[in-house]
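Please read these notes with the model open. They cover the ligand site and then the domain contacts in each chain.

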Amino acid sequence: MENLKKKFAGKQAFINLAIIVLTYVLLTVLMSAGLLNRQYTSLLVPIAINVILAVSLNLITGFLGELSLGHAGFMSIGAYVGALITINMDAPEIVELTLALLAGGAVAAFFGFVIGMPVLRLNGDYLAIVTLGFGEIIKSVLISMKITNGAKGLQRIPLYTTYKSYTLVFILMVISILAIMNIVKSRHGRAICSIRDNSIATQSIGINVSRFKVMTFVISAFFAGIAGVLYAHNVGILKPTTFDYNKSIEILVIVVLGGMGSIRGSVIAAIILTALPELLRGADDFRMLLYAVVLIIIMLFNHSKIKEGLLNNNIFGKLFKSNEEKVGE
Amino acid sequence: MALLEVNNLGISFGGLRAVDNFNISIEKGQLYGLIGPNGAGKTTVFNLLTGVYPPTDGSIVLDGVNLNGKSANEICRAGIARTFQNIRLFDKLTVLDNVKTALHNQIKYSLLSSILRTPAYFKAEKAMDKKALEILKVFGLDRIHEYRASNLPYGMQRKLEIARALATNPKIILLDEPAAGMNPTETQELMDMIRFIRDNFDVAVLLIEHDMNLVLGICEQVKVLEYGRIIAEGDPIKVVNDPKVITAYLGE
Ligand SMILES: Nc1ncnc2c1ncn2[C@@H]1O[C@H](COP(=O)(O)OP(=O)(O)OP(=O)(O)O)[C@@H](O)[C@H]1O
Ligand SMILES: [Mg+2]
């Protein structure tokens with residue numbers, strides 16, 4: 001029994017590793033063979049950024065069970081902090097970027113702490129409104145501050161994370177996913193999930209619910225900050241309006257469609273929903289229509305017997321299996 | 001001094017005096033019953049003892065430690081665990097994880113350990129699995145530890161809640177109608193289990209119950225509440241034959 005479980009856990013880790021390595025090899029082969037044109041390569045980093053954003057937001061919505069509409073706010077903090085560092089520093093690229101990532105993540109995490117506080121008192125719709133307000137306040141502050149260059153935003157940010165640095169971005173994405181996956185499957189993650197399932201019972205077994213709520217916001221904001229830094233150095237310019245509530249909702253849509261509490265789902269949904277609008281560019285007039293149709297198909301798929309069937313099938317099951325489904329009968 | 005000393009405990013909800021001048025003194029390892037008609041204030045007493053509501057008056061002392069003003073999670077860590085009248089399990093977690101969550105303060109490792117999957121993580125998780133299965137075994141739930149909690153039948157959910165409370169390593173455990181919804185066989189098993197955990201896990205038990213067979217079968221002492229006040233106390237057989245108690249239950 002014990003052995004069986006270990007073997008299963010080992011197998012799971014092996015499959016994860018295999019997927020990661022295969023994806024990377026595939027990308028490298030396609031790139032070096034010149035099979036990916038400009039349109040595709042320019043999508044790689046944005047996909048990775050959205051994956052990090054979705055997976056980190058899932059920690060709050062899927063695992064803690066709170067609705068947050070301020071994720072773009074955390075992202076913008078990371079982006080601006082990171083960009084200001086690399087613009088004003090004169091050091092080797094790797095040093096600048098490392099510092100930018102750490103500082104961007106840390107400052108965003110600090111704001112996660114600040115916004116985590118009201119969470120202790122609010123939940124549900126009220127929290128959604130507070131986080132929404134937070135995102136908009138950050139935007140206004142970015143517009144009114146001198147150091148962020150107001151509404152004009154920041155220009156000439158060094159392009160450290162274009163598709164040419166896809167290896168680095170890929171590694172950062174994998175680290176982010178693994179870190180969050182590992183947190184979820186630990187005593188800390190169980191505490192977070194238990195708050196979602198029943199916060200009064202969580203208190204009653206000696207877990208400090210407030211502490212874990214704040215902790216979840218801090219962790220989630222940290223990774224959103226990292227995603228922001230990657231974004232800033234991918235596009236080279238920052239405008240406060242990029243990070244409005246539409247961006248937050250876009251991330252939330254990815255999480256919801258991927259499945260609350262399913263990290264794999266978030267990853268897959270982030271890939272599809274980032275690539276799709278670009279790939280549909282050829283279909284111009286029908287673009288938004290097709291996009292909407294795909295959203296509906298994914299939604300139907302999520303609630304269909306087909307998914308259930310796939311879940312019971314080993315090969316596909318591994319791909320879509322979410323945490324909650326694993327524990328079912 | 002007794003394990004749990006409660007003096008003059010009381011709470012008002014607006015104009016309603018839900019619990020008034022409640023006193024109880026429970027010894028180590030004692031099996032204590034709290035009975036009374038619907039709406040008497042029994043569950044409210046539990047909520048006061050476990051910090052869900054702050055008492056309007058009175059004092060709660062556990063093992064010499066004053067618990068007044070402590071939050072619910074601090075009170076659990078001080079040694080009072082409980083179950084709920086309306087079962088409150090972690091529905092989406094497995095049976096095993098429900099219990100492991102309650103081991104949170106027993107077996108620890110840092111957040112960094114969980115992110116980096118250090119040896120400390122694996123060691124602690126293994127110890128948690130072992131401890132949790134050991135507790136589940138007492139309730140016959142070890143064989144279905146991979147099931148989702150919400151998929152268990154009602155009686156098993158009640159048992160799982162007790163198992164989870166027990167995992168917090170309490171000095172006293174409060175059971176709110178543990179036999180509710182159980183059939184006579186299950187209730188009989190439950191009585192054996194309660195005795196077993198008292199003997200083997202070194203806990204005192206305070207339980208609310210409407211099933212008089214259970215109360216008479218295992219409680220060494222009982223208190224009867226009506227309209228928030230204690231109307232009788234002492235030996236279970238004597239108490240249930242007390243005319244005051246009979247009228248409280250049956251009406252005039
Ligand atoms: N949070 C609250 N706010 C207002 N009134 C409350 C609250 N909690 C309990 N009460 C009231 O206090 C009284 C006692 O309720 P309590 O739940 O303690 O009864 P009980 O003895 O557990 O009854 P039962 O056997 O039905 O479970 C009831 O009149 C109830 O309506
Ligand atoms: Mg009650």
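1. A residue is near a molecule if one of its heavy atoms lies within 4 Å of it. On that basis, 14 residues surround ligand 1. The closest are B:G39, B:K42, B:T43, B:T44 and B:Q85.

2. A word on conventions. This is a predicted model, in which local features need pLDDT of at least 70, side-chain atom pairs count only at pLDDT 80 or more, and totals for chains, interfaces and linings use all residues. Residues are numbered from 1 along each chain as its sequence is written, chains are lettered from A and ligands numbered from 1 in the order written, and side-chain values use heavy atoms, with hydrogens and water left out.

3. A polar backbone atom of B:G39 sits 2.8 Å from an oxygen atom of ligand 1. For B:G41, a backbone N or O atom is 2.9 Å from a ligand 1 oxygen atom. B:Q85 uses a polar side-chain atom, 2.8 Å from an oxygen atom of ligand 1.

4. On its own, ligand 1 has 640 Å² of accessible area (Shrake-Rupley method, 1.4 Å probe). The protein covers 65% of that.

5. Which elements of chain B give two or more residues to the shell around ligand 1? They are β2 (16–26) and α1 (42–49). Helices here are DSSP runs of H or I, at least four residues, and strands are runs of E, at least two. α1(B) gives the most, with three residues.

6. By class, the ligand 1 shell has five nonpolar, seven polar and two charged residues. Gly counts as polar in this scheme.

7. Chain A divides into domain 1 (1–35) and domain 2 (42–245). The bounds come from an automatic or database domain assignment. Their C-alpha centres lie 26 Å apart. Each domain puts seven residues into the contact (heavy atoms within 4.5 Å).

8. The two domains of chain A bury about 730 Å² between them, 82% of it on carbon and sulfur atoms. Buried area is the accessible area that two parts lose on being put together, summed over both. A:I20, A:Y24 and A:M31 supply 64% of what domain 1 buries against domain 2, more than any other three residues.

9. In chain B, domain 1 is 1–79 + 169–252 and domain 2 is 90–167. The contact takes 19 residues from domain 1 and 13 residues from domain 2. Together the domains of chain B bury about 1,400 Å², 73% of it on carbon and sulfur atoms. B:N169, B:M193 and B:F201 supply 34% of the area that domain 1 of chain B buries against domain 2, more than any other three residues.

Methods:
Polar contact = N/O pair within 3.5 Å; in protein donor to acceptor, adjacent residues only side chain to side chain. Buried area = accessible area lost by both parts, 1.4 Å probe.
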